[in-house]
Amino acid sequence: MAKWGEGDPRWIVEERADATNVNNWHWTERDASNWSTDKLKTLFLAVQVQNEEGKCEVTEVSKLDGEASINNRKGKLIFFYEWSVKLNWTGTSKSGVQYKGHVEIPNLSDENSVDEVEISVSLAKDEPDTNLVALMKEEGVKLLREAMGIYISTLKTEFTQGMILPTVNGESVDPVGQPALKTEELKLVQAFTHAPATLEADRGGKFHMVDGNVSGEFTDLVPEKHIVMKWRFKSWPEGHFATITLTFIDKNGETELCMEGRGIPAPEEERTRQGWQRYYFEGIKQTFGYGARLF
């Protein structure tokens, strides 16, 4: 339940009853399984090699069992993936004779590097011997490893777009002087508010959001500690700003966010609270797949 002081609205994001994101205003997990399935199929089906003996190509992904997810724990992204893969391949000799074969990849996982992943290439039952097997075992396997490497790389880049990334290459960064990070911050804000915005994520930096209906200025920003801002809604009396403070508290490996609003005009309290829930909390949940509840 929201805690309200006399003339001093105070909002606190607290523990969810369903235990999701408990005491948590950081983003815990994103399921990457469906995305991974599509990506791996596309990459494997593109594998094709050729030499003087003929050509070989992957024609079917007959089995793709497993899962993948991304966890954000205390500002670090942790990737989990584990897949068991079976492929069918077809070889065609220079004379036009076709051969069928199989590929098994039993241990594509975050516990193994790409070079450590086991890849077994064989001919289908009752197929006669052919030099195309050697082609598939040598050049084909190289391309299969490249495909797995691309999958892992894009999982860590393309799929994570939209997640809050307070680190770069596993190291904490100060957003001041990081143009690329600032650009990404603006994209994230525009994504969850579904409206144009301008944003200078520095002390003294101005912001305009939700088509100019919300504006203000950052008065203090300490990474992983707190954000303090002067904040106003367009319809408020000219020049009147509330003070919004977001405080991040480390609690046993999770992060609790306390949000406090001071100086909000009394007639605007409920509207402001609803606006924050709709455009910030629910917007983040719907856009990035993470949730917190405003009590």
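Q: How do β13 and β14 pair, and over how many bridges?
A: In this predicted model, strand β13 (residues 214–222) runs antiparallel to strand β14 (residues 226–233), with eight bridges between them. Pairing here needs at least two DSSP bridges between two strands, and strands are DSSP runs of E with at least two residues, numbered from the N terminus.

Q: And which residue is the bridge partner of Val-214?
A: Phe-233 in β14.

Q: What about the hairpin, which residue takes a positive phi there?
A: Glu-224, with phi near 65°. The hairpin has three residues between β13 and β14.

Q: How many bridges join β14 to β15?
A: Six, and β14 and β15 (residues 242–251) run antiparallel. Met-229 is opposite Ile-244 of β15.

Q: Switching topic, where is the pLDDT below 50?
A: First, the chain's average pLDDT (the predictor's confidence in each residue, from 0 to 100) is 78, and 75% of residues score at least 70. Residues 164–181 are below 50, and this stretch has 23 contacts beyond near neighbours in sequence; a contact means heavy atoms within 4.5 Å. Residues 290–295 also stay under 50, with 31 contacts beyond four places in sequence.

Q: What cut-offs and numbering apply?
A: Residues count from 1 along each chain as its sequence is written, and side-chain values use heavy atoms, leaving out hydrogens and water. Local features need pLDDT of at least 70 and side-chain atom pairs 80 or more, while totals for chains, interfaces and linings use all residues.

Terms used
Helices (H or I, at least four residues) and strands (E, at least two) are DSSP runs, numbered from the N terminus.
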